[in-house]
Amino acid sequence: VPTGDENPFKFIQRYVLTLLNYAFGGEIADRGLFLQPRDECGWNIITIYPPGEVVRYGASCSLESGKISNIFLFEGDFSGKIPSEIGLLDGLEFLFLYSNAITGNIPSEIGNLKNLKRLYLQKNILKGTIPTEIGAMTDLWDLNLFNNFLGGDIPSE
């Protein structure tokens, strides 16, 4: 329960990241990324990829808004379903869940992520149709869904 000094969006962010952790079988927290006593903006580890690209693997926030702006959980062998509550992270700009074993449908609530710029869900076991709500995401400029079991067209709205 949020305290009087805590912004409501901080509570929502912790809630959504906790749901994501449990949807993936608790694996994220087991790796020391989520459910830490520190602020959720620090639920990440810094990784350097050649040729020197720095990535905060896990969740990180925008310095301006304090809202979760990035979720980088790629190539982690995570399995489970993406919770519909992911759509509550209204500051999210980058969602990288590629090269895992994620199952189920892409939740239609992902269309609520109006600030999302990159959505990488390729190389998973996702099924169903591509949600039409993705077509309304006007800031989305990079969408990768290949190597899944998805049908239908990419919405053009």
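These legends describe close-up views of a predicted model. Local features need pLDDT of at least 70, side-chain atom pairs count only at pLDDT 80 or more, and totals for chains, interfaces and linings use all residues. Residues are numbered from 1 along each chain as its sequence is written, and side-chain values use heavy atoms, with hydrogens and water left out.

**View 1. A nonpolar surface patch includes Phe-11.** Phe-11, Ile-12, Tyr-15 and Leu-88 make up the patch. Together they have about 350 Å² of accessible area (Shrake-Rupley method, 1.4 Å probe; for residues, only the protein chains shown count as cover). Patch members have over 30% relative accessible area and no salt bridge; nonpolar side chains (Val, Leu, Ile, Met, Phe, Trp, Tyr) are joined within 5 Å, like charges within 9 Å. A salt bridge is a side-chain nitrogen of Lys or Arg within 4 Å of a carboxyl oxygen of Asp or Glu. Phe-11 lies in helix H1, residues 8–23. Helices (H or I, at least four residues) and strands (E, at least two) are DSSP runs, numbered from the N terminus. Phe-11 is partly exposed, at 35% relative accessible area (buried is under 20%, exposed over 50%, partly exposed in between; 1.4 Å probe, protein chains only).

**View 2. Phe-34 and Trp-43 form a tilted aromatic pair.** The structure holds 10 aromatic pairs. In this one, the centres are 5.7 Å apart and the planes are at 35°. Rings of Phe, Tyr and Trp (its six-membered ring) pair if their centres lie within 6.5 Å; planes under 30 degrees apart are stacked, over 60 edge-to-face, the rest tilted. Phe-34 is buried, with a relative accessible area of 0%. Trp-43 is buried too, at 1%.

**View 3. Tyr-57 and Phe-74 meet edge-to-face.** Their ring centres are 5.3 Å apart, with the planes at 85°. The pair links distant parts of the chain, 17 residues apart. Tyr-57 is in strand S2 (residues 53–61); Phe-74 is in the loop between strand S3 (68–72) and strand S4 (79–81). Tyr-57 is buried at 11% relative accessible area, and Phe-74 is buried at 6%.

**View 4. Lys-67 sits over the ring of Phe-9.** Its charged end is 5.4 Å from the ring centre (criterion: NZ of Lys or CZ of Arg within 6 Å of the centre and within 35 degrees of the ring normal).

**View 5. Ser-60 is buried in strand S2.** Its relative accessible area is 5%. Beyond neighbours within four places in sequence, Ser-60 contacts Cys-41, Asn-44, Lys-67, Ile-68, Ser-69 and Asn-70 (heavy atoms within 4.5 Å).
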